[in-house]
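Please find below my notes on the model you sent. They go from the overall fold to single residues.

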Amino acid sequence: MSDIALVAAKIAPVFPDAAEIYPKIAAEALTAGQAVYQTATGTVGVADATTSGALFPFYGIAMQAAAAGQAVDVLVKGIVAGFTVASVACGTVLHLSETAGALADAAPAGTGTDNEVGLVTALTDAAKTRVVHILGPVI
């Protein structure tokens, strides 16, 4: 399993009008591009698939950095740029990683809880730029 790198400054919805983005309150400090889960109080925190932490199920992707208690936009469904997926095959299913806030190209090993969150897809530009398609919260 390999974690998918990201460039926080480049995290952005590709088609904002078609994306589902919701305002939430950060339960802790968040960085743009981190995977988040929704807490019992409705705030969002850094998600991870490690069973012992119960920091899942996956809810969405933080669209900007936020300190604890600040508002943050969370992309729950849609296509997002800023992840380093140029060498990842289109159609590769992405999972919540056991690394806090990260996505991975395979299900967690060992005792992690699998959360399939989306897949790699290509845009229609000449370079067929690869991006991440988030398919919605894991229920």
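1. A term first: strands here are DSSP runs of E with at least two residues, numbered from the N terminus. On that basis P57 belongs to the loop between β4 and β5. The model is a predicted one, and the points below should be read accordingly.

2. Overall fold. The protein has ten strands and zero helices, so the order of elements from the N terminus is simply β-β-β-β-β-β-β-β-β-β. The radius of gyration is 14 Å, close to the 14 Å that the globule rule gives for 139 residues, so the protein is as compact as a globular protein of that length. The C-alpha trace spans about 45 × 35 × 25 Å along its principal axes.

3. Among the 139 residues, 41% count as buried. The accessible surface comes to about 6,600 Å², and carbon and sulfur atoms hold 57% of that area. Of the contacts with a separation of 6 or more, 61% are between residues 24 or more positions apart.

4. In soluble globular proteins, nonpolar side chains tend to be buried together. Here the largest nonpolar core has 23 residues, and those touching the most other members are F58, I61, V80, F83, L103, V132 and I134. At least two residues of this core come from each of β3 (35–38), β5, β6 (71–81), β7 (93–96), β9 (116–122) and β10 (130–134). Another core, of eleven residues, lies apart from it and includes V36, A66, V72 and V76.

5. V80 as an example. Which residues does V80 touch, not counting those up to four places away in sequence? They are I11, A12, P13, V14, M63, L75, V131, V132 and I134.

6. Pairing of β7. Strand β7 runs antiparallel to β9, with three bridges joining them, and V93 stands opposite L119 of β9. β7 is also antiparallel to β8 (residues 103–104), through two bridges, with L96 opposite L103. β7 and β8 form a hairpin with six residues between them, and G101 in the turn has a positive phi of about 80°.

7. H95. This residue sits in strand β7. Is H95 buried or exposed? Its relative accessible area is 7%, and the cut-off for buried is under 20%, so H95 counts as buried. The H95 side chain makes a polar contact of 2.6 Å with the side chain of D114. Leaving aside neighbours within four places in sequence, H95 is in contact with A102, L103, A104, D105, A106, A107, D114, N115, E116 and V117.

8. The F56–P57 bond. Most residues other than glycine have a negative phi, and most peptide bonds are trans. The bond from F56 to P57 is cis, with omega near 10°. F56 is found in the loop between β4 (44–46) and β5 (58–62). With 22% relative accessibility, F56 counts as partly exposed. The C-alpha atoms of F56 and L96 are separated by 8.6 Å, though the two residues are 40 apart along the chain.

9. K128. Where does K128 lie? Its place is the loop between β9 and β10. K128 has a positive phi of about 50° although it is not a glycine. At 55% relative accessibility, K128 counts as exposed. I would look at the backbone of K128, with its positive phi, alongside the cis bond from F56 to P57.

Technical notes:
Residues are numbered from 1 along each chain as its sequence is written. This is a predicted model: local features need pLDDT of at least 70, side-chain atom pairs count only at pLDDT 80 or more; totals for chains, interfaces and linings use all residues. Side-chain values use heavy atoms; hydrogens and water are left out. Helices (H or I, at least four residues) and strands (E, at least two) are DSSP runs, numbered from the N terminus. Buried means under 20% relative accessible area, exposed over 50%, partly exposed in between (1.4 Å probe, protein chains only). A nonpolar core is a set of buried Ala, Val, Leu, Ile, Met, Phe, Trp, Tyr and Cys residues joined through side-chain atoms within 4.5 Å. Contact means heavy atoms within 4.5 Å. A polar contact is a pair of N or O atoms within 3.5 Å; within protein, one must be able to donate a hydrogen and the other to accept it, and residues adjacent in sequence count only if both atoms are side-chain atoms. The radius of gyration is taken over C-alpha atoms; the globule rule is 2.2 Å times the number of residues to the power 0.38. Accessible areas come from the Shrake-Rupley method with a 1.4 Å probe; for residues, only the protein chains shown count as cover. Two strands pair if DSSP finds at least two bridges between them.
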